[in-house]
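Subject: Structure handover

Hello,

Here is the structure I said I would pass on to you.

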Amino acid sequence: MKTYPRTLSHIGLSVPDLDAAVRFYQEVMGWYVIMQPTDVIEDPDTAIGVMCEDVFGKGWGSFRIAHMSTGDKMGIELFEFKNNEKPKDFEYYKTGTFHFCVQDPNVEELVEKIVQHGGKQRMPIRYYYPGEKPYRMVYVEDPFGVIFEIYSHSYELTYSAGAY
């Protein structure tokens, strides 16, 4: 069987306030809603109830969910779970997803907008090839504790020449 590069379909983010997160990502990132915030309840007689039991086990009760899409058709699935907790520290060393990355040629403007909407800039904007190429990056945090990165150029352009 031949191996080929799969495409990325979507990412799921857990947030403490679904409505606020939808507004943030609409206003700051320009992502659009493809499914409005919806309540999902534990119900073994529904397809979504069965799928959620497969993932969460029995007793999960309910949660809220919304679906958004980026300009390049990447899905963003936002979840609001009961008893959710914002991480106390950035535990980058733990196994699992520790960030996602968006691309915008105007990194500085996007960072400013994120901060104006309650997010944080976690580091100075840095150049991968100082004085040679304009490829920039920065880590930021949304108002809900989700950490992500911003690149000025595509992933392939940034790393094809060996960034380190």
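I begin with a pocket, then move to the other one and to the helices. Please keep in mind that this is a predicted model.

The second largest pocket has a volume of about 730 Å³. Its lining is made up of 28 residues, and those nearest its centre are Pro 87, Thr 97, Gly 145, Val 146 and Ile 147. Strand E1, which covers residues 10-14, contributes the largest share of this lining, with four residues. Sorted by class, the lining of the second largest pocket has 12 nonpolar, eight polar and eight charged residues.

The largest pocket has a volume of about 950 Å³. Of the 28 residues that line the largest pocket, Asp 72, Met 74, Cys 101, Val 102 and Gln 103 are the closest to its centre. Five elements each supply at least two residues of this lining: helix H1 (18-29), strand E5 (100-103), helix H3 (107-116), strand E9 (147-151) and helix H4 (155-160). Which element gives the most to the lining of the largest pocket? That is E5, with four residues. The lining of the largest pocket divides by class into 14 nonpolar, seven polar and seven charged residues.

Two of the helices named above, H1 and H3, also pack against each other, as described next. In general, a pair of packed helices is described by the distance between the axes and the angle between them. For H1 and H3, the axes come within 10 Å and cross at roughly 150°. Because angles over 145 degrees count as roughly antiparallel, H1 is roughly antiparallel to H3. The crossing of H1 and H3 is right-handed. On the H1 side the contact is made by Phe 24, Glu 27, Val 28 and Met 29, and on the H3 side by Leu 110, Lys 113 and Ile 114. By class, the residues of this contact are five nonpolar, no polar and two charged.

Last, the chain as a whole. The protein chain has four helices and nine strands. Read along the sequence, they follow the pattern β-α-β-α-β-β-β-α-β-β-β-β-α. The C-alpha trace of the protein chain spans about 60 × 50 × 30 Å along its principal axes.

Regards

Methods:
Residues are numbered from 1 along each chain as its sequence is written. This is a predicted model: local features need pLDDT of at least 70, side-chain atom pairs count only at pLDDT 80 or more; totals for chains, interfaces and linings use all residues. Side-chain values use heavy atoms; hydrogens and water are left out. On a 1 Å grid over the protein atoms alone, a cavity is a set of points where a 1.4 Å probe fits but cannot get out, and a pocket is an open set with protein on both sides within 12 Å along at least five of seven lines; lining residues have an atom within 4 Å of a point. Grid points are joined across faces, edges and corners, and a volume is the space filled by probe spheres set on the points. Ala, Val, Leu, Ile, Met, Phe, Trp, Tyr, Cys and Pro count as nonpolar, Asp, Glu, Lys and Arg as charged, and the others, Gly among them, as polar. Axes are lines fitted to C-alpha atoms, for helices over the stretch in contact, and angles run from 0 to 180 degrees between N-to-C directions. Angles under 35 degrees count as roughly parallel, over 145 as roughly antiparallel, 65 to 115 as roughly perpendicular and the rest as oblique. A crossing is left-handed if the near helix is turned anticlockwise from the far one by less than a right angle, and right-handed if clockwise. Contact means heavy atoms within 4.5 Å.
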